[in-house]
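User: Could you take a close look at the aromatic side chains and the nonpolar packing around them? I'd like one connected walk-through.

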Amino acid sequence: MPNGALMSVSGAKADVRFFPFWIRIGEALCYSALMEHVWIFHGQDADFASAVFAKRADAETWINENHFSGVLTIYPVDKPIYDWAVEKEFFRPDLDHPKTGKFIQNFTSASQEHFHYENGVLD
């Protein structure tokens with residue numbers, strides 16, 4: 001099944017979007033598993049993120065083993081951070097912060113769970 005495909009959930013009235021990946025159950029390799037969030041590592045002084053993880057523990061192992069410095073942040077799957085922050089009432093759009101593309105594309109939220117690392121150690 002291609003990435004981003006819609007999969008039906010038994011009993012559901014509508015299709016639900018899944019973040020697709022393969023899992024091993026016994027001898028069978030099965031496609032599926034709902035993923036609600038990912039952990040993204042943004043290295044110190046980097047312009048772009050350098051890694052994405054399904055599990056925080058795996059991200060921390062990689063950060064620690066490589067003595068990286070930067071920020072590990074949780075991101076919801078299939079939901080822009082701007083929309084997430086408004087929905088959770090961490091941010092209220094107003095006249096000072098209009099709903100413009102420029103503002104939204106640069107939006108970040110300190111309300112996202114995040115962790116700072118210095119040389120691979122949680123700061």
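Analyst: First, a working definition: rings of Phe, Tyr and Trp (its six-membered ring) pair if their centres lie within 6.5 Å. Keep in mind that this is a predicted model. Searching the whole structure on that basis turns up 12 aromatic pairs. Take F53 and W62: their ring centres sit 5.5 Å apart with the planes at 50°, so this pair counts as tilted. F53 has a relative accessible area of 16%, and since buried means under 20%, F53 is buried. W62 comes out at 26%, so W62 is partly exposed.

Now to the packing. F41 and F53 both turn up in the largest nonpolar core, which has 10 residues in all; W39, A51, A59, I63, L72, I74, F115 and Y117 are there too. Strand 5 (37-43), strand 6 (51-53), helix 1 (56-66), strand 7 (70-76) and strand 8 (114-118) each put at least two residues into this core. There's a second, separate core as well, made of six residues, among them I81, Y82, F91 and F107. As a general point, nonpolar side chains in soluble globular proteins tend to be buried together.

Setting aside neighbours within four places in sequence, F115 is in contact with W39, R56, G70, V71, L72 and L122. One of those contacts, R56, lies over the face of the F115 ring, at 3.6 Å from the ring centre.

Terms used:
Residues numbered from 1 in each chain as written. Predicted model: local features only at pLDDT ≥ 70, side-chain atom pairs only at ≥ 80, totals over all residues. Heavy atoms only, no water. Core = buried A, V, L, I, M, F, W, Y, C linked by side-chain atoms within 4.5 Å. Buried < 20%, exposed > 50% of the residue type's maximum accessible area, 1.4 Å probe, protein only. Helix = DSSP H or I, 4+ residues; strand = E, 2+ residues; numbered from the N terminus. Contact = heavy atoms within 4.5 Å. Phe/Tyr/Trp six-rings, centres within 6.5 Å; stacked < 30°, edge-to-face > 60°. Lys NZ or Arg CZ within 6 Å of the ring centre and 35° of its normal.
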